Amino acid sequence: MWVTLPIDLNNKSAKQQEVQFKAYYLPKDDEYYQFCYVDEDGVVRGASIPFQFRPENEEDILVVTTQGEVEEIEQHNKELCKENQELKDSCISLQKQNSDMQAELQKKQEELETLQSINKKLELKVKEQKDYWETELLQLKEQNQKMSSENEKMGIRVDQLQAQLSTQEKEMEKLVQGDQDKTEQLEQLKKENDHLFLSLTEQRKDQKKLEQTVEQMKQNETTAMKKQQELMDENFDLSKRLSENEIICNALQRQKERL
């Protein structure tokens with residue numbers, strides 16, 4: 001039976017409380033009874049000497065307790081005190097273990113939150129880097145296509161210049177054979193021929209530079225793909241560590257609940 005908490009704890013008379021038991025709670029005449037005080041944590045704080053209820057009798061009865069019974073009662077009280085102390089020690093140990101588990105759980109939760117924050121930042125960084133590389137790759141492809149188109153145009157132009165040069169050479173031969181008065185025109189054609197040859201040389205140099213640029217772009221594309229793969233691997237490792245910490249955190253939480 002629970003004792004009602006006194007309203008005025010400062011009043012001395014209020015500290016004397018009564019508990020009324022139902023009749024069916026009481027033991028039989030040949031059974032022993034004992035008062036025990038148990039706190040809200042289930043720890044025995046005090047116990048009385050075992051006693052018996054005896055019905056009233058008109059005749060005077062002298063009840064004698066032997067020394068053996070007294071020693072047995074004292075031994076029983078010692079065992080109860082020892083058990084009480086063991087329960088106290090066990091409770092303190094469990095409280096300490098619970099406190100340690102809570103501290104460890106808090107630490108794991110903080111590590112988990114830190115890893116989650118790092119993971120989110122890395123995912124955002126990977127996404128931004130991926131978008132940047134995709135944009136740069138698209139630009140490189142467009143530039144490559146543009147250079148290829150210009151290269152084809154320059155090849156056609158070179159063929160045209162070579163055909164024009166051949167035609168001009170034939171015309172020059174005809175002019176030399178036909179009329180001496182057209183010497184000036186022949187010189188002019190030679191100059192144009194030299195100019196076309198220089199232009200052809202420059203165009204070939206430009207073509208070679210474009211080919212080198214295309215090769216450098218291909219190397220840059222390969223390097224970008226390797227960097228993207230490294231970031232994806234790092235993100236995978238962090239995700240794996242995050243999952244392991246979540247498993248440890250859940251195990252610690254279940255252990256805490258069992259305690």
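The following dialogue explains how to read several features of this predicted model.

Visitor: Which conventions apply to the numbering and to the values in this model?

Guide: Residues are numbered from 1 along each chain as its sequence is written, and side-chain values use heavy atoms, with hydrogens and water left out. Because the model is predicted, local features need pLDDT of at least 70 and side-chain atom pairs count only at pLDDT 80 or more, while totals for chains, interfaces and linings use all residues.

Visitor: How many helices and strands does the protein chain have, and in which pattern do they follow along the sequence?

Guide: Helices (H or I, at least four residues) and strands (E, at least two) are DSSP runs, numbered from the N terminus. The protein chain here has two helices and two strands, and the pattern along the sequence is β-β-α-α.

Visitor: In which sense do strands β1 and β2 pair?

Guide: Two strands pair if DSSP finds at least two bridges between them. Strand β1 (residues 36-38) and strand β2 (residues 44-47) are paired in the antiparallel sense, over three bridges. Cys36, for example, has Ala47 in β2 as its bridge partner. The two strands form a hairpin with five residues between them, and Gly42 in the turn has a positive phi of about 85°.

Visitor: What share of the residues in the protein chain is buried?

Guide: A residue is buried under 20% relative accessible area, exposed over 50%, and partly exposed in between (1.4 Å probe, protein chains only). Buried residues make up 17% of the 259 residues in the protein chain. Gln145, found in helix α1, counts as exposed because its relative accessible area is 58%. The C-alpha atoms of Gln145 and Val214 are separated by 9.8 Å, although these residues are 69 residues apart along the chain.

Visitor: How many salt bridges are counted, and which residues form them?

Guide: Side chains of opposite charge can pair when their charged atoms come close. The rule for a salt bridge is a side-chain nitrogen of Lys or Arg within 4 Å of a carboxyl oxygen of Asp or Glu. By this rule the count comes to four salt bridges. Among them is the one between Asp39 and Arg45, at 2.7 Å from N to O. Asp39 counts as buried because its relative accessibility is 12%, whereas Arg45 is partly exposed at 47%.

Visitor: Which residues form the surface patches?

Guide: Patches are made of residues with over 30% relative accessible area and no salt bridge; like charges are joined within 9 Å, and nonpolar side chains (Val, Leu, Ile, Met, Phe, Trp, Tyr) within 5 Å. A negative patch is formed by Glu79, Glu83, Glu86 and Asp89. Of these, Glu83 is placed in helix α1 (residues 67-178) and is partly exposed at 45% relative accessibility. A nonpolar patch of about 880 Å² is made by residues including Met1, Val19, Phe21 and Phe53. Val19 lies in the segment before β1 and is partly exposed at 31% relative accessibility.

How values were computed:
Accessible areas come from the Shrake-Rupley method with a 1.4 Å probe; for residues, only the protein chains shown count as cover. Lys and Arg count as positive and Asp and Glu as negative; His and the chain ends are not counted. The place of a charge is taken as NZ of Lys, CZ of Arg, CG of Asp or CD of Glu.
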